Amino acid sequence: MRQARCGPSSSSRPAPALPLVHAAAERVEQGVQVGADPQPEQGDVVAGVGHDGQLVGTGSLSIGDAMGQVHDGDGTWSRAQGSLGYTIDPAHAGRGHGAHLARGLLSIAFDELGLHRVTAGCFADNTPSWRVMERIGMRREQHGVKDSWHAELGWVDGYTYGILREEWP
């Protein structure tokens, strides 16, 4: 399994970047662990973020095809796009774990897998989530009116964010 890990600094806030450990290497540190299927063209990327030995959040990067014309021939659009998702335990919210986790997944998406584009979505009233997306460099591309189902509230507005590989630092 390919792994990437990043340990938090000595404070309770996570480190700002995710150093990647390439396919053959493994490293054991405290903090974020991102694991990918050894054949990423056949699987998605999953991740978890820990704090004080406890799992406090999870995330995923689903890999799929971008829009493309099949007669193009080179398949540039095939498996070129990712969809990012994450969730953080509310007891650990506001400590940078979401940004740390999402940044790590974007690093895998662009630096390791060479994806062209990554998108993510959230409920429009989920301010902490869309602030994470903006903090890591994603731009709001869509405000969908009542396009998202919420178990307690019914149909609510949603936001879609995106970032291109050439925009990734």
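Hi everyone, let's start in the middle: the largest nonpolar core here has 31 residues, and Leu84, Leu106, Val118 and Met138 have the most contacts inside it. By nonpolar core I mean buried Ala, Val, Leu, Ile, Met, Phe, Trp, Tyr and Cys residues joined through side-chain atoms within 4.5 Å; buried is under 20% relative accessible area, with a 1.4 Å probe and protein chains only.

A quick word on the source: this is a predicted model, where local features need pLDDT of at least 70, side-chain atom pairs count only at pLDDT 80 or more, and totals for chains, interfaces and linings use all residues. Residues are numbered from 1 along each chain as its sequence is written, and side-chain values use heavy atoms, leaving out hydrogens and water.

H1 gives the largest share, eight residues. Helices (H or I, at least four residues) and strands (E, at least two) are DSSP runs, numbered from the N terminus. Met138 touches Leu84, Leu106 and Val118, among others, leaving aside residues up to four places away in sequence; a contact is heavy atoms within 4.5 Å.

Now look at S5. Gly82, Leu84, Tyr86 and Ile88 form its covered face, while Gln81, Ser83, Gly85 and Thr87 form the uncovered one. In a regular strand, side chains alternate between the two faces of the sheet.

And who are its neighbours? S5 pairs with S4 in the antiparallel sense over eight bridges, with Thr87 as bridge partner of Thr58. With S6, S5 pairs in the parallel sense over four bridges, and there Ala120 partners Leu84. Pairing takes at least two DSSP bridges between the strands.

Conventions
Buried < 20%, exposed > 50% of the residue type's maximum accessible area, 1.4 Å probe, protein only.
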